[in-house]
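I opened my notebook today to get to know a new structure. Have a look at it with me before reading on.

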Amino acid sequence: MATAGTTESLIAAARDGDKRAVGRLISTVENDHVAAVGILQAVYADSHESWVTGLTGAPGAGKSTLANLLIGEWRGRGRRVAVLAVDPTSPFTGGALLGDRIRMQHGSQDGGVLVRSMATRGWLGGMSRATERVATLCAGLGFDEVLIETVGVGQSEVDVAAAADTTVVVVTPGWGDGVQVAKAGVMEIGDVFVVNKADRDGTDIAVRELLEMLELAVNQAWSPPVVPTVATSGAGLEDLTAALTAHRSVLAGSGGDHRRAARRLRDFRRAVLDGLEAALVPLVDGPAGAELQAEVGSGARDPWSAANALIERARIAQDGGE
């Protein structure tokens, strides 16, 4: 097993099941833009065979317990599984609890499972800024299944749908009245809906309301099913697995690569913007930027004209001017 610190040897070791190598690569992709580009380029060609499943829903809906069930199901089929569990970052300390691993017992004992906690670091949308890049990395390292479990979300945090091939929305009985259901952004992104904790009162009402709202959808290729589950006992897992498998089959049969094409273009756009941001940081932190920051900080200049002035200096430098 390769142990050298080069990108090539780390990738080879990670593909052989070395979790330390995987961890080092993920940390690099999260924190070092320049190095991340080289790593992602090296694994990208091998990333297309994996399937990315997004798991989202309100806090306390049972997402982590469901994730643990899916890990067991996929491992039973001999598939390598990577779970990216996103946790909120404290606005005061900058830290995060990163507690989802506690509910995922498979990850600590099985060499074919990686459970990686990721802090949002203030990024909105239910994920962290690096989540999609790390998902691509894991796919390129040979993980057959990549599961993204978002932060507990509300009505508008729907970025996971752009990152996933299949998006699972988890709710519980009594999660909201019809008006709340109608305006929830998650209603528009779900490929499979799960009513978890279905042993509680109100399950039938929740299922009925979801089905009524889904009847208004215009997607003709796929009608999202509503699956009752009790994650703590495993009840409903078979139905959930069947729904996920059916969705994959529909996408494959209908030329559903449009989702992945959209994701590639999203990755391209984000890579451009990230690269430009990284290139501009030295300018912002350099003498010219420091001078303008002092003017803005003192109130002598507004932020917008200062920003335009710095951008203009960058253009002049790019054109070879003074």
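**Entry 1: helix α2.** I kept in mind that this is a predicted model. I began with α2, which covers residues 19-31.

**Entry 2: what α2 packs against.** I looked up which residues of α2 are buried, and found A21, V22, G23, L25, I26, V29 and E30. The partners of these buried residues are α1 (7-15), α3 (33-43), β3 (113-119) and α6 (131-140).

**Entry 3: the cores.** Which residues touch the most other members of the largest nonpolar core? I found L137, C138 and L141, in a core of 42 residues. Leaving out neighbours within four places in sequence, I saw L137 in contact with L25, I26 and V29, and also with I39, L40 and V43. Another core lies apart from the largest one; it has 24 residues, including I71, L147, V170 and W222. I noted that nonpolar side chains tend to be buried together in soluble globular proteins.

**Entry 4: K197.** I found K197 in the loop between β6 (192-195) and α9 (203-214). Its phi is positive, about 60 degrees, although K197 is not a glycine. Most residues other than glycine have a negative phi. Is K197 buried or partly exposed? Its relative accessibility is 23%, so K197 counts as partly exposed.

Definitions and conventions: Residues numbered from 1 in each chain as written. Predicted model: local features only at pLDDT ≥ 70, side-chain atom pairs only at ≥ 80, totals over all residues. Heavy atoms only, no water. Helix = DSSP H or I, 4+ residues; strand = E, 2+ residues; numbered from the N terminus. Expected span 1.5 Å × (residues − 1). Buried < 20%, exposed > 50% of the residue type's maximum accessible area, 1.4 Å probe, protein only. Contact = heavy atoms within 4.5 Å. Core = buried A, V, L, I, M, F, W, Y, C linked by side-chain atoms within 4.5 Å.
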